[in-house]
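Here is a briefing on one protein chain.

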Amino acid sequence: MAGTLVVGEVRQGEIRDISRELVTLGLELKDAGGAPLVVASGDWPGPIALAGPHQRGNAGLAAAALRQLARAGVPVPDEAIARGIATARWPGRLEQVGGVLLDGAHNPDGAAALAAALRAL
């Protein structure tokens, strides 16, 4: 398995944990000079269809990952990335249905993102 690892917001120590896991898989974490590590910007500048302040970071990560595909010979135009982020749908994630707010937060990070999104509504 070879390629580029694209990560989003990283808490202190998480890069070390990611690096350890990669070593167990026989892979190596490299810095920008040796490629394959990309830390995505958490600030997507364009419109986002999905609700919640955490989606700006998710969109930045998705865009960074899609841009890396060009290095693998699968270019995705910036316009297509922007259009996808602006029109994405994710049923059951901060989705309003008949006056009921649905969300499938299923882990601590998801619950924290849901709490932050509810405060922002």
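Leu94 sits in the loop between α3 and β3 (95–97). Helices (H or I, at least four residues) and strands (E, at least two) are DSSP runs, numbered from the N terminus. Leu94 is buried, with a relative accessible area of 11%. Buried means under 20% relative accessible area, exposed over 50%, and partly exposed in between (1.4 Å probe, protein chains only). The phi of Leu94 is near 45°, a positive value in a residue other than glycine. Most residues other than glycine have a negative phi.

This is a predicted model: local features need pLDDT of at least 70, side-chain atom pairs count only at pLDDT 80 or more, and totals for chains, interfaces and linings use all residues. Residues are numbered from 1 along each chain as its sequence is written, and side-chain values use heavy atoms, with hydrogens and water left out.

**Overall layout**

- The protein chain has four helices and four strands.
- From the N terminus on, the order of elements is β-α-β-α-α-β-β-α.
- The protein chain has 121 residues, and 21% of them are buried.
- The accessible surface of the protein chain is about 8100 Å². Carbon and sulfur atoms account for 57% of that surface. Accessible areas come from the Shrake-Rupley method with a 1.4 Å probe; for residues, only the protein chains shown count as cover.
- Take the contacts between residues at least 6 apart in sequence: 47% of them join residues at least 24 apart. Contact means heavy atoms within 4.5 Å.

**Salt bridges**

- The count comes to two salt bridges. The rule asks for a side-chain nitrogen of Lys or Arg within 4 Å of a carboxyl oxygen of Asp or Glu.
- Arg67 pairs with Asp78, with the closest N and O atoms 3.2 Å apart. Arg67 lies in helix α2 and Asp78 in helix α3 (residues 78–87), so the pair ties together parts that are 11 residues apart in sequence.
- Arg67 is partly exposed at 40% relative accessibility. Asp78 is partly exposed as well, at 43%.
- Glu95 and Arg89 form a salt bridge through their side chains, at 3.6 Å from N to O. Arg89 counts as exposed, at 64% relative accessibility.

**Rings and charges**

- The charged end of Arg93 sits over the ring of Trp90, 4.8 Å from the ring centre. The test is NZ of Lys or CZ of Arg within 6 Å of the ring centre and within 35 degrees of the ring normal.
- The whole structure was searched for aromatic pairs, and zero were found. Rings of Phe, Tyr and Trp (its six-membered ring) pair if their centres lie within 6.5 Å; planes under 30 degrees apart count as stacked, over 60 as edge-to-face and the rest as tilted.

**Nonpolar surface patch**

- Val97, Val100 and Leu102 make a nonpolar surface patch of about 220 Å². Patches are made of residues with over 30% relative accessible area and no salt bridge: like charges are joined within 9 Å, nonpolar side chains (Val, Leu, Ile, Met, Phe, Trp, Tyr) within 5 Å.
- Leu102 belongs to strand β4 (residues 100–102). Leu102 is partly exposed, with a relative accessible area of 35%.

**Pro47**

- Pro47 is in the loop between β2 (37–39) and α2.
- Pro47 counts as exposed, at 60% relative accessibility.
- Leaving out residues up to four places away in sequence, Pro47 touches Ile85 and Ala86.
- Pro47 and Thr87 are 40 residues apart in sequence, with their C-alpha atoms 8.8 Å apart in space.

**Two buried glycines**

- Gly57 is in helix α2 (residues 54–68). Gly57 is buried, with a relative accessible area of 18%.
- Gly57 and Asp43 are 14 residues apart in sequence and 5.8 Å apart in space, C-alpha to C-alpha.
- Gly110 lies in helix α4 (residues 108–120). At 16% relative accessibility, Gly110 counts as buried.
- From C-alpha to C-alpha, Gly110 and His54 are 9.6 Å apart in space, while 56 residues apart in sequence.
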